[in-house]
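Look at the structure first, then read on.

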Amino acid sequence: MADKALSFSLADFFFNDSPDVLAPPSDFQSWIEHPKIQEAMRLFGQQLLAAPRAGTEVLSSLDGSRHKVINMTSYNYLGLSSHPEVIQAAKDALDLYGMGASGAPLLSGTFDLHVEFARRLAEFKQKEDCLLFSSGLGGNVGAIQGLLRKGDMFVLDEKCHKSLIDGGTLSGAKMLFFSHNDPSSLEAMLEKCKGKRVLVAFEGVYSMDGDLVRLPEIMKVCAHYKAATYIDEAHSTLMFGPNGRGVAEHFGLEHEVGMSFGTLSKSFGGVGGFICSNARIIQYLKGYSSPWNFSCAPSPPVVAGMMKALEVATRDSSLRDALWKNVAYLKKGLQDLKLDLGSSESQVIPIIIGSSGEKLIQFAYEIQRRGLFLQPVDFPAVPADSRRFRISVSSQFTREQMDTALTIIEDVIARGLRA
Amino acid sequence: MKDYGANSLDMIEVVSTSMRELKIKVPRSELTDINNIDQLADKFLEYVNKGNG
């Protein structure tokens, strides 16, 4: 194992063969303690020492000291996590309501804030009602686990997020994965679902590649088979569409999609998740969606902050206009460097470097040494032949920050790949 | 295995439990090019003959 440590990954230790359940697999320890694996692992979980703004500070794994960095990793796409109005709204709610909701929503955890925010989110997403969750993952898990049962069919794009898969597993439904964004593969899967209750899930923006769902084609197939539809707009809400309502609005199909999920941890800049759909199914899910009814309701200051974030992001288009301007500028700069940006069509821009895990880690350290916080994404999170860096563009980047970042990317990645 | 109705999670389960039974460990990264059960069996045999991974 020791000499082959680099050919193994977390994917190899999922099944635990240790007789002691409270011990990891026998060879996991020797693998994770291997110097090369330790070097790679140190890159992950580095501590931020300030708000995840475009310019922030990290406690760097390079030398264990503070480093000022340009932050191209955080999901703070619109800068709302530290927007002064959002912070003030959260502070005001903290004074009035305290820190926690101190109860599950059905008992004592529902405050006027939760009801009002859910109403506004439903209105924003053009749906009848909305359910708020304390976590984004919990929202997807809770929706799918609440909607489907054993005997039902859950058909997902193969690149869907783990939270959807976990929800499917928990529901007991049979899961079928269709080839990414491929309507004919979806059709083949739906052929197998005839006579069953079926839900089809896809994402607005796919988080590792930054490409959009081919919504018109996918919806056409779903309509033909009368399959219910679910869109995960985690990486698209507040950014896509004429009013920022997401990719479904962008394609003019928001009324056709049955249920819409969003997260509060990305463009919103807080934490939590929500689903919007028809009022009858939302009412039903209140009885059966465990992450909702068996979890404490979202923290009041977070809810108040997120309600303000929704207002700030939708009162005009200035934040998303600034975002798309930055996306265009950075993308042009990266294309000029002849880098492989995959099929990105959004503020998520991968720089695909190929199959070398060693190069990925080497570049990652060098990039950070130069002052850019841009985290690598390694196998098994992405295929072994397309390891990558993933830029999260923010509306808050200045031209100077983007130029500096492009220079670092040119020096380290573009030149490194040619070497 | 897709032809037999298995999804990617089923495949992980089959591959992992087979390796456990055969007392071998094939890195997942070596399995990415495998397209059918015959190729998987060949790969397992290669590791069994090598006397573990």
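A crossing of two helices is left-handed if the near helix is turned anticlockwise from the far one by less than a right angle, and right-handed if clockwise. This model is predicted.

**Two helix pairs**

Two packed helices are described by the angle between their axes and the distance between the axes. Start with α15(A) and α16(A). α15(A) passes α16(A) in a right-handed crossing. Their axes lie 10 Å apart, at an angle of about 160°. Angles over 145 degrees count as roughly antiparallel, and α15(A) and α16(A) are therefore roughly antiparallel to each other. On α15(A), the contact uses Lys359(A), Phe363(A), Glu366(A) and Ile367(A). On α16(A), it uses Ile408(A), Val412(A), Ile413(A) and Gly416(A). By class, this contact of α15(A) with α16(A) holds 5 nonpolar, 1 polar and 2 charged residues.

Now take α8(A) and α9(A). Their axes come within 9 Å and cross at roughly 20°. That makes α8(A) roughly parallel to α9(A). Here too, α8(A) passes α9(A) in a right-handed crossing. Pro183(A), Leu186(A), Glu187(A) and Leu190(A) of α8(A) meet Glu217(A), Ile218(A) and Val221(A) of α9(A). The residues of this contact are 5 nonpolar and 2 charged, with no polar ones.

| Helix | Residues |
|---|---|
| α15(A) | 357-369 |
| α16(A) | 399-418 |
| α8(A) | 183-191 |
| α9(A) | 215-224 |

**The sheet**

How many strands form the open sheet of chain A? There are 7, in the order β4-β10-β9-β8-β7-β5-β6, and the pairing is mixed. The edge strands are β4(A) (129-133) and β6(A) (174-178), and each pairs on one side only. From one strand to the next, the twist averages 20°.

Look inside the sheet. β7(A) (residues 198-203) and β8(A) (residues 228-232) pair in the parallel sense over 5 bridges. Ala201(A) has Tyr230(A) of β8(A) as its bridge partner.

Helices pack on this sheet as well. α6(A) (residues 136-147) touches β4, β5, β7, β8, β9 and β10 of chain A. The direction of α6(A) makes about 40° with that of β10(A). α7(A) (residues 162-171) lies across β5, β6, β7 and β8 of chain A. α7(A) runs at about 165° to β5(A).

**Where two chains meet**

Chain A brings 16 residues to its contact with chain B, and chain B brings 11. Which element gives the most to the side of chain A that touches chain B? β6(A) does, with 3 residues. That side of chain A divides into 11 nonpolar, 2 polar and 3 charged residues.

How values were computed
Residues are numbered from 1 along each chain as its sequence is written. Chains are lettered from A and ligands numbered from 1 in the order in which they are written. This is a predicted model: local features need pLDDT of at least 70, side-chain atom pairs count only at pLDDT 80 or more; totals for chains, interfaces and linings use all residues. Axes are lines fitted to C-alpha atoms, for helices over the stretch in contact, and angles run from 0 to 180 degrees between N-to-C directions. Helices (H or I, at least four residues) and strands (E, at least two) are DSSP runs, numbered from the N terminus. Angles under 35 degrees count as roughly parallel, over 145 as roughly antiparallel, 65 to 115 as roughly perpendicular and the rest as oblique. Two residues are in contact if their C-beta atoms, placed from the backbone, lie within 7 Å. Ala, Val, Leu, Ile, Met, Phe, Trp, Tyr, Cys and Pro count as nonpolar, Asp, Glu, Lys and Arg as charged, and the others, Gly among them, as polar. Two strands pair if DSSP finds at least two bridges between them.
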